Amino acid sequence: MRYQPRTPEYQVRFRWEPGSMAIWDNWAVQHYAINDYCPNRGVMERVAIAGND
C-alpha cells in the first residue's frame, strides 16, 4: 500500500494570489506548509466550529 500523503494524486499545491483564501478540514487532511513565499508574509488563522466534537 502506498503512503497517501506522499502520493501526488492526493496532494494539492495552492497558488496564492491577492485576495486568495484556502480552507481545509484538519479532521480530513494533513497540512504541511512549505516556506517558499519569502520575502512575502504568510498569515494563518485557525477557526474552530462550535458543536463539533
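Let me start with burial: of the 53 residues in this protein, buried ones make up 2%, where buried stands for under 20% relative accessible area, exposed for over 50% and partly exposed for what lies in between, with a 1.4 Å probe and protein chains only. Please keep in mind that this is a predicted model, in which local features need pLDDT of at least 70 and side-chain atom pairs count only at pLDDT 80 or more, while totals for chains, interfaces and linings use all residues. Residues are numbered from 1 along each chain as its sequence is written, and side-chain values use heavy atoms, leaving out hydrogens and water.

On overall form, the radius of gyration, taken over C-alpha atoms, is 14 Å, whereas a compact globule of 53 residues would have one near 10 Å, by the rule of 2.2 Å times the number of residues to the power 0.38. Along the principal axes, the C-alpha atoms fill a box of roughly 40 × 35 × 15 Å.

Phe14 is partly exposed at 36% relative accessibility, while Trp16 is exposed at 58%.
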